[in-house]
Amino acid sequence: MNAGKLDIIVAPDFDLALTLDSGQTFHWEKTDAGFAGTIGARAIYVKQRDDQLFVSKGRAELCSKYFALDHPLADICASFPPDPAMQSAIAFCRGLRIIRQPHWECLATFITSSMKQVAHIRQISQTLRHRFGEPCSLCELTVYAYPTPHRIAELDERDLQACALGYRAKSLLATARLINSGEVDIDQMAALPDDELRARLCALPGVGAKVANCVMLFAYERLRAFPIDVWIERVLRQQYFPGRRRMTARQLRDFAAKHFGEHGGYAQQYLFHHARKTTPRRLSPRAS
DNA sequence: CTCCAGGGATGAT
DNA sequence: ATCATCCATGGA
């Protein structure tokens, strides 16, 4: 697959496979020794060997930014609280980075994510890309960009239903049309402070607090944003408030914001990935 | 078969 | 402000 020449990036404190499997992004496909995918409209091949990252020719800068290789990971992990749940998650997730995704494809994929397992989010993303996205050649492979707001906006709701979006089709279509019309500018929103950005995202169809926080964390580099999904809620209740009833969603949110600090989003991702990969399915639902 | 999934919108308290 | 209910679909 890597017949063409590749650029080399030195990437310490980074685990590519772990990062791409952590539920931030849903379209990278494992090839021979690496991964094939897209960043925006660009086709990218990337593989890792030890501390070196090999990426498609001319894409070193793009990949360095996308994979957030400039994040001071050691300092970030050192800022996490020293509780047992956090420490075991840190040990489990070494090299996991919060990446910088393009705004639209992150927003759109998380609109399609509600009440879906990761495997199915991947399937929806792949179907949308193959049917409506621009094909990009990557050596002998063809990868597909996420369809633009313009492309989605001109579709019919049935076109999206046919991609197994279910009740999410209406939301994705409505949000794509708001952006395509120019009524909403999600790139310009990057200049807003956290609270206002969250409010503006939540004003979009299909976007509530959880999806807004995911998009803030994975696309707008708001490392404090703390998405609370079913997994994280379980972790918080079981690990931080065992056997305690009457913890409202509001109380959990306030605790998370206070306890995990300025890189709370990173802490959340570590707790999420650790729980998701270590909780046995179909057996006793106890975290390690 | 049942249960669950990186939830959101809506209407009733 | 919180709570219950419904919303489609597929994997386990």
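**Sheet, helix contacts and DNA surface in a predicted model**

In the predicted model examined here, an open sheet of 5 strands is arranged in the order E1-E5-E4-E3-E2 with antiparallel pairing, where strands (E, at least two residues) and helices (H or I, at least four) are DSSP runs numbered from the N terminus and two strands pair if DSSP finds at least two bridges between them. Strand E1 (6-10) and strand E2 (29-30) stand at the edges with a single partner strand each, so that one side of each is left without a neighbour in the sheet. Residues are numbered from 1 along each chain as its sequence is written, while chains are lettered from A and ligands numbered from 1 in the order in which they are written. Local features need pLDDT of at least 70, side-chain atom pairs count only at pLDDT 80 or more, and totals for chains, interfaces and linings use all residues, with side-chain values based on heavy atoms and with hydrogens and water left out.

Two helix pairs were examined, with axes taken as lines fitted to C-alpha atoms over the stretch in contact and angles running from 0 to 180 degrees between N-to-C directions. The axes of helix H4 (residues 84-92) and helix H14 come within 9 Å and cross at roughly 80 degrees, which makes H4 roughly perpendicular to H14 (65 to 115 degrees; under 35 is roughly parallel, over 145 roughly antiparallel and the rest oblique). The contact (heavy atoms within 4.5 Å) involves residues of H4 including Ala 85, Met 86 and Phe 92, and residues of H14 including Ala 267, Tyr 270 and Leu 271. By class, this contact of H4 with H14 has 8 nonpolar, 4 polar and 1 charged residues, where Ala, Val, Leu, Ile, Met, Phe, Trp, Tyr, Cys and Pro count as nonpolar, Asp, Glu, Lys and Arg as charged, and the others, Gly among them, as polar.

For helix H12 (residues 230-240) and helix H13 (residues 249-259), the axes come within 11 Å and cross at roughly 75 degrees, which makes H12 roughly perpendicular to H13. Glu 233, Leu 236, Arg 237 and Tyr 240 of H12 meet Leu 252, Phe 255 and His 259 of H13.

DNA strand B is surrounded by 28 residues, of which the closest are Gly 23, Gln 117, Val 118, Gln 268 and Gln 269, a residue being near the strand if one of its heavy atoms lies within 4 Å of it. Helix H11 (209-219), H12 and helix H14 (264-278) each supply at least two residues of this surface, whose residues divide into 14 nonpolar, 9 polar and 5 charged. Of the atoms of DNA strand B within 4 Å of the protein, 55% belong to sugar or phosphate and the rest to bases. At a base oxygen of DNA strand B, an N or O atom in the side chain of Gln 269 is placed at 2.6 Å.

Methods. Polar contact = N/O pair within 3.5 Å; in protein donor to acceptor, adjacent residues only side chain to side chain.
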